[in-house]
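The sequence and the structure are shown first.

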Amino acid sequence: MKWEVKLYQGGKVFTEEVYANDYQDAKRTAQARNPTVKVIGVNPTTSSWDDDDDDDDDYSSNQSSSSSSSFSGGDSVGMLLLLGALLLIGLIVTYWYIILPASLIIMIMCYFAKRKETS
């Protein structure tokens, strides 16, 4: 991704364009190129289709082909739990007219069962 990093040195503000994966990487790259400057802003840039800069296209195609997924097993379990919770909420919203009376009946039965055990 292309980032525009605004730098300050000697009373002047200038811009450095860097390629980086994220905000921190762009900031570190600009700071490494210009060690005596102060970073005052980092913003992602979008390039237009009619840019004649062929280096941008080569970099982005290499970037996308060499990237790998860092999806772990813990992520899939969390996503399944989230999906299950959303499904449960969807069922409750859809069938509230069945679930509400059934849950009230079960709660009343549990109340009387506990009351019977204590007496």
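## Lys2 and Glu17

A polar contact joins the side chain of Lys2 to the side chain of Glu17 at 3.4 Å; the term denotes a pair of N or O atoms within 3.5 Å, where within protein one must be able to donate a hydrogen and the other to accept it, and where residues adjacent in sequence count only if both atoms are side-chain atoms. The model is predicted: local features need pLDDT of at least 70, side-chain atom pairs count only at pLDDT 80 or more, and totals for chains, interfaces and linings use all residues. Residues are numbered from 1 along each chain as its sequence is written, and side-chain values use heavy atoms, with hydrogens and water left out.

Lys2 and Glu17 also form a salt bridge (3.4 Å, N to O), defined as a side-chain nitrogen of Lys or Arg within 4 Å of a carboxyl oxygen of Asp or Glu. This pair connects distant parts of the chain, with Lys2 in strand 1 and Glu17 in strand 2, 15 residues apart. Helices (H or I, at least four residues) and strands (E, at least two) are DSSP runs, numbered from the N terminus. Lys2 counts as buried because its relative accessibility is 17%, whereas Glu17 is partly exposed at 43%; buried means under 20% relative accessible area, exposed over 50%, and partly exposed in between (1.4 Å probe, protein chains only).

## The second salt bridge

The whole structure contains 2 salt bridges. Besides the pair described above, the side chains of Arg33 and Glu16 meet at 3.0 Å, N to O. Here too distant parts of the chain are linked: Arg33 belongs to helix 1 and Glu16 to strand 2, 17 residues apart. Arg33 is partly exposed at 44% relative accessibility, while Glu16 is buried at 18%.

## Strand pairing

Strand 1 pairs in the antiparallel sense with strand 2 (residues 12-19) over 8 bridges and with strand 3 over 6 bridges; pairing requires that DSSP find at least two bridges between two strands. Glu4 has Glu17 as its bridge partner in strand 2 and Asn43 in strand 3. The hairpin of strand 1 and strand 2 has 2 residues between the strands, and Gly10 adopts a positive phi near 60° there.

## Nonpolar core

The largest nonpolar core has 10 residues, among them Trp3, Val18, Ala26 and Val42. Such a core is a set of buried Ala, Val, Leu, Ile, Met, Phe, Trp, Tyr and Cys residues joined through side-chain atoms within 4.5 Å. Strand 1 (2-9), helix 1 (23-33) and strand 3 (38-44) each supply at least two of its residues, and strand 1 gives the most, with 3.
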